[in-house]
Amino acid sequence: MNQDIPLCVDAPGSLRLERGRDGQLWALYPGGRRAVRVVRCFPWSAPGHFISLRDFAEEDEVALVREPGELDPASRKTLEEAMAEAGFVLRISRVLQIEEEIEIRSWHVCTEQGPRRFQTPRDEWPREVPGGGLLVRDVAGDLYFIARPAALDTHSQRQLWAFVD
């Protein structure tokens with residue numbers, strides 16, 4: 001691969017992401033492997049999409065992930081964890097209400113960016129992130145992060161109790 005031309009993730013398996021023993025994020029692609037960091041591209045309305053993977057040392061774009069679902073499950077999970085660590089995921093500060101409907105859950109939350117409403121499939125559960133916290137993916141693929149569920153107010157904890165241990 002020419003290092004001057006970024007890789008777009010179009011073909012399944014063309015890009016894999018993994019953590020090194022030192023915690024560094026690595027992009028593995030046909031013809032190479034590079035230490036990378038995640039950089040969110042715009043639009044803000046789609047924070048879980050269009051993720052630029054930049055060379056850690058040179059800042060060159062190594063790959064563009066349009067949609068995390070294009071990655072294999074292990075790489076997707078690694079990317080989600082890296083995104084949470086990078087801090088450009090919407091951070092939930094309060095859970096006002098979670099309503100169960102036939103096929104979906106409707107969430108009404110307060111985030112650091114303001115109030116939000118979003119939906120998740122009923123079979124999608126908040127995932128624990130290494131180092132603590134929960135990551136929630138909505139039906140549009142946007143990510144929401146709850147840094148310390150036990151530190152939320154009592155009402156928020158009551159809303160979440162069915163979804164966390």
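Strands here are DSSP runs of E, at least two residues long, and helices are DSSP runs of H or I, at least four residues long, both numbered from the N terminus. With that in hand, look at strand 12 (residues 143-146), where Y144 is found.

A quick word on the model. It is predicted, so to speak with care: local features need pLDDT of at least 70, side-chain atom pairs count only at pLDDT 80 or more, and totals for chains, interfaces and linings use all residues. Residues are numbered from 1 along each chain as its sequence is written, and side-chain values use heavy atoms, with hydrogens and water left out.

**Around Y144**

Y144 has a relative accessible area of 1%, so it falls in the buried class (under 20% relative accessible area; exposed is over 50%, partly exposed in between; 1.4 Å probe, protein chains only).

Strands here are DSSP runs of E, at least two residues long, and helices are DSSP runs of H or I, at least four residues long, both numbered from the N terminus. Y144 is found in one of these runs, strand 12 (residues 143-146).

This is a predicted model, where local features need pLDDT of at least 70, side-chain atom pairs count only at pLDDT 80 or more, and totals for chains, interfaces and linings use all residues. Residues are numbered from 1 along each chain as its sequence is written, and side-chain values use heavy atoms, with hydrogens and water left out.

**Around Y144**

Y144 is buried, at 1% relative accessible area. R91 sits 53 residues from Y144 in sequence, yet their C-alpha atoms are 5.6 Å apart.

**Stacked rings**

The structure holds two aromatic pairs. Rings of Phe, Tyr and Trp (its six-membered ring) pair if their centres lie within 6.5 Å; planes under 30 degrees apart count as stacked, over 60 as edge-to-face and the rest as tilted.

| Pair | Centre to centre | Angle between planes | Type |
|---|---|---|---|
| W107 and F118 | 5.3 Å | 15° | stacked |
| F118 and Y144 | 3.8 Å | 10° | stacked |

W107 belongs to strand 8 (residues 104-111) and F118 to strand 9 (residues 114-121), so their pair ties together parts eleven residues apart in sequence. The second pair joins F118 in strand 9 to Y144 in strand 12, parts that are 26 residues apart. Put together, ring pairs link W107, F118 and Y144 into a cluster. W107 is buried at 3%, and F118 is buried at 5%.

**Charges over rings**

Two arginines sit over tryptophan rings: R33 has its charged end 4.3 Å from the ring centre of W26, and R105 has its own 4.3 Å from that of W125. (The test is NZ of Lys or CZ of Arg within 6 Å of the ring centre and within 35 degrees of the ring normal.)
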